[in-house]
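Here is a short briefing on one protein model. The fold comes before the details.

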Amino acid sequence: QYLLPYAACLDELTAFCRCAYDVLAPNGRFVSITTACTTDLAPPSASNAPPTRSDVVGYEFSWDGGGALSDGTCVSLTLFDAHKTATVTFPNVLWSRGTIRETLLRVGFTRVEWHGAVCCEAGRQWFEAAKEQLGLVAYFTAWK
């Protein structure tokens, strides 16, 4: 779904989460996939930095300054086609899991649970090749 990375500031993130909460039936669930960062993620030149490009998945991201990523950093995300030709670039704000969780709870969700990635057997080979390159992808469920 990748809705939350379009929130350019904390007020917008709150509004997005509140909208999701408001449209759910009682006891409903908001299930989503998003990009998320660990606060003060290492700069791309560091050995513990996340991958900034994935030919398997077909993306690359960059940001101004080249310093450490922090909660709320806006990166440029470029998606590639099967021929590795850039097809689109758009802004993507990286919120930490903590900020996302706190915001969901603040607007009324009662519980937030983070999930690991799972894959069916048919996609296992691709998934194994790609999973190391999906470090900024996060999956969650929030309950009303």
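Helices (H or I, at least four residues) and strands (E, at least two) are DSSP runs, numbered from the N terminus. The model is predicted: local features need pLDDT of at least 70, side-chain atom pairs count only at pLDDT 80 or more, and totals for chains, interfaces and linings use all residues. Residues are numbered from 1 along each chain as its sequence is written, and side-chain values use heavy atoms, with hydrogens and water left out.

**Overall fold**
- The protein has 3 helices and 7 strands.
- From the N terminus, the order of elements is α-β-β-β-β-β-α-β-α-β.
- Of its 144 residues, 39% are buried. Buried means under 20% relative accessible area, exposed over 50%, and partly exposed in between (1.4 Å probe, protein chains only).
- Contact means heavy atoms within 4.5 Å. Among contacts with a separation of 6 or more, 62% join residues 24 or more positions apart.
- The protein exposes about 8,100 Å², and carbon and sulfur atoms supply 53% of that area. Accessible areas come from the Shrake-Rupley method with a 1.4 Å probe; for residues, only the protein chains shown count as cover.

**Nonpolar core**
- A nonpolar core is a set of buried Ala, Val, Leu, Ile, Met, Phe, Trp, Tyr and Cys residues joined through side-chain atoms within 4.5 Å.
- The largest one holds 18 residues; Phe30, Ile100, Leu104, Phe109, Phe140 and Ala142 touch the most other members.
- At least two residues of this core come from each of α1 (10–23), β1 (29–37), β5 (86–96), α2 (97–106) and β7 (137–143).
- Beyond its neighbours within four places in sequence, Phe140 contacts residues including Leu4, Phe30, Val31, Ile100, Leu104, Val112 and Trp114.

**Helix α1**
- α1 has 14 residues and reaches 20 Å from its first C-alpha to its last, close to the 20 Å expected at 1.5 Å a residue. The expected span is 1.5 Å times one less than the number of residues.
- Leu13, Thr14, Cys17 and Ala20 of α1 are buried.
- Seen down the axis of α1, these buried residues fall within an arc of 125°, so they line one face of the helix. The arc is that of the directions from the helix axis to the C-beta atoms.
- The buried residues of α1 pack against β1, β5 and α2.
- Asp11, Asp22 and Val23 are exposed on the other side of α1.

**Thr85**
- Thr85 sits in the loop between β4 (73–80) and β5.
- Thr85 counts as partly exposed because its relative accessibility is 43%.
- Leaving aside neighbours within four places in sequence, Thr85 contacts Leu79 and Phe80.
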